[in-house]
Amino acid sequence: MALKKQQSMLDTFSMASMTDVVFLLLVFFMVTSTFIFPTAMEVNLPQSSEQTPLKPTTRIFILSDGSIAGQYGDSEAIPFDSESELVNFLNQVAQQDSVSAVALYGDVDVDYGRVVDVLNIGARNHLRMVLATTPRTDAQIPEITDIPVEE
């Protein structure tokens with residue numbers, strides 16, 4: 001006598017495995033994605049019409065009060081009390097970074113001479129300096145002919 005097993009097919013679909021897969025994908029993308037953080041210090045940058053594709057990992061900040069700080073990679077910003085500390089920092093960057101490019105974040109209220117001083121320090125240390133700006137919001141860019149020239 002042959003016994004037949006009575007098995008009925010379930011008409012429902014279990015979503016437990018699907019939620020596991022979705023959860024694993026979510027965790028995977030959260031772990032592998034890169035987070036883009038804004039600059040470490042609050043600097044009100046001037047506007048310009050051109051932006052450079054170069055994104056240096058070394059940053060020099062000139063705050064509105066004239067103080068200077070530096071940051072390499074994702075480390076904390078280091079305030080500089082003297083020009084020699086800034087030069088030592090830039091020398092260390094030149095030895096570690098093969099690209100030798102430094103982004104200069106100068107506040108819009110900073111004296112232009114202060115920005116030029118830092119650019120000169122970078123030039124003396126044979127570093128390529130990039131002046132960071134925000135994109136210009138309006139399309140009106142003054143032409144060279146629009147600038148009054150004294151005769």
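User: What makes the stretch holding Met30 a helix?

Analyst: Met30 lies in helix 1, residues 16-32. Helices here are DSSP runs of H or I with at least four residues, strands are runs of E with at least two, and both are numbered from the N terminus. This is a predicted model, in which local features need pLDDT of at least 70, side-chain atom pairs count only at pLDDT 80 or more, and totals for chains, interfaces and linings use all residues. Residues are numbered from 1 along each chain as its sequence is written, and side-chain values use heavy atoms, without hydrogens and water.

User: Why is strand 3 called mostly covered?

Analyst: Buried means under 20% relative accessible area, exposed over 50%, and partly exposed in between, with a 1.4 Å probe and protein chains only. In strand 3 (residues 68-72), 4 of the 5 residues are buried, so the strand counts as mostly covered.

User: How do you know that strand 2 and strand 3 pair?

Analyst: Two strands pair if DSSP finds at least two bridges between them. Strand 2 (residues 58-62) and strand 3 have 5 bridges, in the antiparallel sense, so they pair.

User: What joins strand 3 to strand 4?

Analyst: Strand 4 (residues 78-80) runs antiparallel to strand 3, with 3 bridges between them. Ile68 stands opposite Phe80 in strand 4.

User: What makes a set of residues a nonpolar core?

Analyst: Such a core is a set of buried Ala, Val, Leu, Ile, Met, Phe, Trp, Tyr and Cys residues joined through side-chain atoms within 4.5 Å. The largest one has 16 residues, and Ile60, Ile68 and Val118 are among those with the most contacts inside it. Helix 2 gives the most to this core, with 4 residues.
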